[in-house]
Amino acid sequence: MAKPKVAFYWCASCGGCEEAVIDLNEDLLKVADAVDIVLWPVAFDFKRKDIEALEDGEIAVSFINGAVRLEEQEEMVKLLRKKSGLVVAFGSCAHMGGIPGLANFWTRDTIFQRVYKEAPSVENPEGITPQERTAVDIGELSLPEFYDTVKTLDQTIPVDYYLPGCPPPPDLIMNAINAILKGELPEKGAVLAPNKALCDTCPRAEERPEKISIKEIKRPHEIKLSPWKCFLEQGIICLGPSTRSGCGERCIKANMPCRGCMGPIKGAVDQGAKALSMIASILGLEEEGMTEEEVKKLVDGIVDPAGTFYRFSLPASLLTRRRME
Ligand code: SF4
Ligand code: SF4
């Protein structure tokens, strides 16, 4: 019997999601045995024309990581959608825009200005920036269009499932692959991770006081962090209450607070707003007698609030991007 065809593709991403596939270790050999990989740019030399030559729907599943920033990425994900039975948004950037999505606080022009002209390490006296078409002696060179706005995968093509995380943890990847191979998938649109908040699985939750009131906000490098106390109790912003579990509490175990890469808990429309509302509810409780002025000072202690609350989810949020006009 023919093995199911599988594609892995990357868009605007750091390569960590590719690394997560390698982190399957020996399980990767089992996957390679059970499926026929037809596209995986980081590992094999398949070409776009190989995918174009397939029948529509011939690929059983495409795992696509990264946000959509370039014209070429948009073309490739549309091609993969046409050729695939299932599309899985793999990792935070495909799921919600991820770290590349923070570029939506700027425009293409402001990014090019900084990267190609102003950055201290750049020497570019003629102020050259990437052009979509450049005439050279032997013809014309072309580059894909760099879009003004970073998009999530599902803002570009219909997506069947989401594998969250920066990067998705190996056990969730294997669970997803096994579920696909056995045809035991949940309803379309599901996030393939537990429907619980990270706080529900966090080893520090047991010791956490029932009521927390933050009186001073600190950053992890500013204090000696306790290896067992809840970060919120220590005045460190932790997005555990508003973030989906399933990562194995990776950051918490490394004594760092959660930044929210697994995405919002089920039912939360906007991860940043949910996190903001959670933090607002525990900042200097009224019964502690803090004045409005003191609470304002406390709020000002949050360095880079937009980056803190929307670190992984700006393109997927209600904001989508900063209005630059
Ligand atoms: S807020 Fe963070 S440290 Fe505290 S219990 Fe939740 S996940 Fe754990
Ligand atoms: S602790 Fe938070 S930021 Fe860290 S891997 Fe888990 S969900 Fe992502």
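Analyst: Ground rule for residue classes: Ala, Val, Leu, Ile, Met, Phe, Trp, Tyr, Cys and Pro count as nonpolar, Asp, Glu, Lys and Arg as charged, and the others, Gly among them, as polar. By that rule, the lining of the largest pocket has nine nonpolar, eight polar and six charged residues. Keep in mind that this is a predicted model, with local features needing pLDDT of at least 70, side-chain atom pairs counting only at pLDDT 80 or more, and totals for chains, interfaces and linings using all residues. Residues are numbered from 1 along each chain as its sequence is written, chains are lettered from A and ligands numbered from 1 in written order, and side-chain values use heavy atoms, without hydrogens and water.

User: What makes a residue part of the largest pocket's lining, and which ones lie nearest its centre?

Analyst: A pocket is an open set of points on a 1 Å grid over the protein atoms alone, where a 1.4 Å probe fits, with protein on both sides within 12 Å along at least five of seven lines; a lining residue has an atom within 4 Å of a point. The volume, meaning the space filled by probe spheres set on the points, is about 460 Å³.

User: And what about the second largest pocket?

Analyst: That one holds about 360 Å³. It has 19 lining residues, and Arg219, Pro220, Val303, Thr308 and Arg311 sit closest to its centre. The classes come to 10 nonpolar, four polar and five charged.

User: What makes strand β3 largely enclosed?

Analyst: Six of its seven residues (59-65) are buried, so the rest of the structure largely encloses it. A strand here is a DSSP run of E, at least two residues, numbered from the N terminus.

User: How do you know which strands β3 pairs with?

Analyst: Pairing takes at least two DSSP bridges. Strand β1 (residues 5-10) runs parallel to β3 and is joined to it by six, with Lys5 partnered by Ile59. Strand β5 (residues 84-90) also pairs with β3 in the parallel sense, over six bridges; there Val61 partners Leu86. Both counts clear the cut-off, so both are pairs.

Notes: Buried means under 20% relative accessible area, exposed over 50%, partly exposed in between (1.4 Å probe, protein chains only). Helices (H or I, at least four residues) and strands (E, at least two) are DSSP runs, numbered from the N terminus.
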